[in-house]
Amino acid sequence: MLRDLLVEREDETAAISAGIASALERAGACVIVVGAAGIGKTRLLEEARSMAAADGMRVLSARGAHLERGYAFGLVRQLFESSLRRAGADERERWLSGAAAAAGRLLAAADGEQQSEMSLLHSLFWLTANVCQERPVLLVVDDLHWADEPSLRFLAYLQQRLYDMPLFIAAATRPSDPSAAMDLLDLVLTHPECRILQPKPLSPQAVGVVLAEILGESPKPTLLSACHTAAAGNPLLVKEVARALASERDDSAIEVDDVQLRDIGTKAVARRVSVELRRLSPAARRVAEAVAVLGRHADPRHVAAVTALAQADRALNELASAQILRRAGEEEAVAEFLHPLVRSAVYEQMDPSERVRCHLASAALLTREGHRAEETASHLLRVPNLTGEHVSMLRKAGMEALANGAPESAHAYLAHALTAEMTLEERLETLKDTIGVDVLVDVEAGLDHLAVALRLVDDPVQVAEFVALVGLAKLWVGLAEEMTEELIKVIADLPENCDDLRRGLEAILLDVPLVVVGFEHVCQRVARLRRLPPSSTINAALLESMIAGHESFAGDPRGLDRAREALAHPQMLAATTSGASASVPGYLTLLIGDLREGMDAYGELVTEARRQGSTVTLGVALTYRGMGWLRMGELAEAENDLREVIELHHITPMGVVLPLARGLLAEVLLEKGRIDDASAVITQVSLPPSLLQDGILYPCLHVQARILAGQGRYEAALEAAVQTGERFAAYNGGNPALVAWRSQAALCLHALGDTAAAQAYAHEELELAERWGAPYAIGHALRVAGLVSPMPDAVTLLERSVEVLRPSPARLELAYALVDLSACRRRQGQPAAARSLLQEGMDLAQRCGADPLVTSVRDELRALGARPRRSYLTGLEALTPSEARVAGLAATGLTNRQIAQRLYITVKTVEVHLSNTYQKLRVRRRNELGAILAKLPGR
């Protein structure tokens, strides 16, 4: 058969063979074939299927389709649905066990609690892992450029976890397509472990092989040259040119006109389809059109229903003989086109009214048979002049897509529903649904829909409810001033009996000056809002959280208790994971006020955000927890959390939290001695010469000052530190517990010889830190004040720093204070005391992973004539928080896979943590862990 030809693809097949071999050795691999339509991508994937099957691998396949891009998790459904349907009860139970259960509900369209996208990605990963556990798997995805966005996110998520799986991903895509989700597609294509194959056009010799196969004889040199030029070496076009010649030439040899052949080459597929359909029966033409509308794997029953033809099977066979369709699927029970270009040619040649009729017939058929609302809606997206019944179906599909973690699809369905005629009440309800989805995927569309809604209503309460739906959306598109004016007016227009709605809007308004500079006048509302009478609603708690945030920024100690009370509201956790940004300042206030309590709160929030799959909330929680780990000196934990935020950003944009995460990551890397890596991370933030009006950039400026100081560039570091303070002050910020810019400026001034100015900055920070009352901030300020002060004041300040920090969890800051105090002891002529302090500081620094400090202390010990003892990282205190979590779960009897599913990590990561734990605790088996871990504080 012609379609079995595979010429000049030796390099590509070798790469596929290597990927299969890697998967067979439990080392996942990914290969993506990139090339123009017709270059032979599908043929290479067919070869991959054949090779994998020969090696005993399970093959799961899917193919994107242009008309079905809006169908959420469409490719994922193709990959797994048929295998789950064929699987026996025991096998299906194994595949859908544990964390994979939610994926089972998605694929079975079963009712259950709403699943966000992140929780579904996690569940689908475990479904894949469970399937791979039985035997290696080849996952094939063709026409990736037409993939729905949730399926692309799944592939990106899966790529990050490939390294220890017996899984080979083989996919194909065009290099560019106007309808593709290019950001996600680029993420998949640029993954470090993804190998890109780019098949070259066929040589003249290879074209000769194809022509001989079709024409039944070796082509003359002139014909060969002309065909190669006309088709530009594209295998599909070569075949179509040859078929066109074979069908149009007479029995005698012909001379080929280059211009004519070139015209045939550029239009070869559409031309052949048009010619073939004219030759076929009217029934065959109607069936081809029905299959084009029905999409992938058209069921002959559906074809017959849409065409109203009793002999649809006969027409399908006629189309197969003409090499337009082919039988596919289990026992060749469905029909599909030989190539997407053929389907496109048929679809585009249809009469527009017939196309709409077929889509309507298909939608009605799927509805009658009880298919998912989304399947029906994918046809209604192609239909103008919708009826009320169609609007109901599109709204249902939108909610279904949203429940399945696919807001992009929900957005498409609901936006199309709004094109229909409907009553004012129906339009307002549809607009509410649509705006709620818009803010997740297309802020500008949401604002357009908000403008429409506001033109339709004049009731102040309805206006306020619509404005509340978009939250801070206008801020993210540079309309902060318009948003602020609108909120102030809407709040003023509300009647007195709308206290709760007013509090919710005030909370949104107070968020503006914490994110965008130039809105100090909004901060003046805080004094009045403090005096509001108590209320038990969640909106009241969110407003209190915002007020606490303003107080903590300013260093007002009242903020800490206010944040505690607000976060204690029984609905706060659910509101936060649902996207209530007003809760964020409350959590941050708790973190910088009480490090232990704040870390407990963020731990709970991270766990709930993972369970609910709230990606943006998870990113925010991980970022601030990363800040907490950094302050505790848990540098490995901090790096893990902050890198996860950056990884999440590739799947779902993290907004203003991304530069904060990068700034904190740079600071972590700096503490670990990786100054070049820290500089590279800060460079990714792209700090502009003149700072933007919006964006939380002061943490990046602060770490930039530290990097410059570490490089000995103290004047530039001082400038960056002062700029940090100016930027922080623009948010009404002055609390050193949040940004200790004054101490950084003091250290730079001290290095430059301006001791008086250094002391002024240091003591100002100490005064502010003591007013706020957090041990970490006070201890740090005392330490820096000691470094820039003369003896004996330096000793007193450093002794106080150690005293404040010892009971706190801030181990790394304590290590610095101990080392700095040892230097004073040495200057006082107390070498024994200095050595003791140095050794304690080195032990802490080593446990934190602060390599530069460890190296510095070793040098100090040698200078004192001491031989640094080797630090052994053993015992319970040597366990990182992650190791302790994994070990604790292992001690309860959970398997490695169960631990991985619960903690949203891979089995390999669990194995690494347990191996480290065994070594540090000097045990050999997990049944020994329980007794030892029982001694951990809090257990």
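Which residues are buried in helix 42? Hold that thought while you set up the viewer.

This is a predicted model, where local features need pLDDT of at least 70, side-chain atom pairs count only at pLDDT 80 or more, and totals for chains, interfaces and linings use all residues. Residues are numbered from 1 along each chain as its sequence is written, and side-chain values use heavy atoms, with hydrogens and water left out.

**Stop 1: helix 42**

Select residues 755-772, which make up helix 42. Helices here are DSSP runs of H or I with at least four residues, strands are runs of E with at least two, and both are numbered from the N terminus. Now colour Ala 758, Ala 762, Glu 765, Leu 766, Ala 769 and Trp 772: these are buried (under 20% relative accessible area; exposed is over 50%, partly exposed in between, with a 1.4 Å probe and protein chains only). They cover an arc of only 120° around the axis, which puts them on the same side of helix 42; the arc is that of the directions from the helix axis to the C-beta atoms. Turn to the face away from that buried side and you'll find the exposed residues Ala 756 and Glu 767.

While you're there, check the length. At 1.5 Å a residue, the 18 residues of helix 42 should span 26 Å, and the end C-alpha atoms are 26 Å apart, which agrees. The expected span is 1.5 Å times one less than the number of residues.

**Stop 2**

Next, select residues 137-142, strand 3, where six of the six residues are buried. Val 137, Leu 139 and Val 141 cover one side, and Leu 138, Val 140 and Asp 142 are buried on the other.

Leu 60 stands opposite Leu 139. Then bring in strand 4 (residues 167-173), paired with strand 3 in the parallel sense over five bridges. There, Val 137 has Leu 167 as its bridge partner.

Show helix 7 as well: strand 3, helix 7 and strand 4 make a right-handed β-α-β unit. Right-handed means that, with the strands pointing away from you, the path from the first strand over the helix to the second runs clockwise.

**Stop 3: the aromatic rings**

Rings of Phe, Tyr and Trp (its six-membered ring) pair if their centres lie within 6.5 Å; planes under 30 degrees apart count as stacked, over 60 as edge-to-face and the rest as tilted. By this rule the count comes to seven aromatic pairs. The rings of Phe 125 and Tyr 157 have centres 6.4 Å apart and planes at 70°, so this pair is edge-to-face. Phe 125 lies in helix 6 (residues 117-134) and Tyr 157 in helix 7 (residues 149-159), so the pair ties together parts that are 32 residues apart in sequence. Phe 125 is buried at 5% relative accessibility.

Now pick Arg 161: its charged end sits over the ring of Tyr 157, 3.6 Å from the centre (NZ of Lys or CZ of Arg within 6 Å of the ring centre and within 35 degrees of the ring normal).

**Last stop: Pro 852**

Finally, select Pro 852 in helix 47 (residues 851-863). At 37% relative accessibility, Pro 852 counts as partly exposed.

Conventions
Two strands pair if DSSP finds at least two bridges between them.
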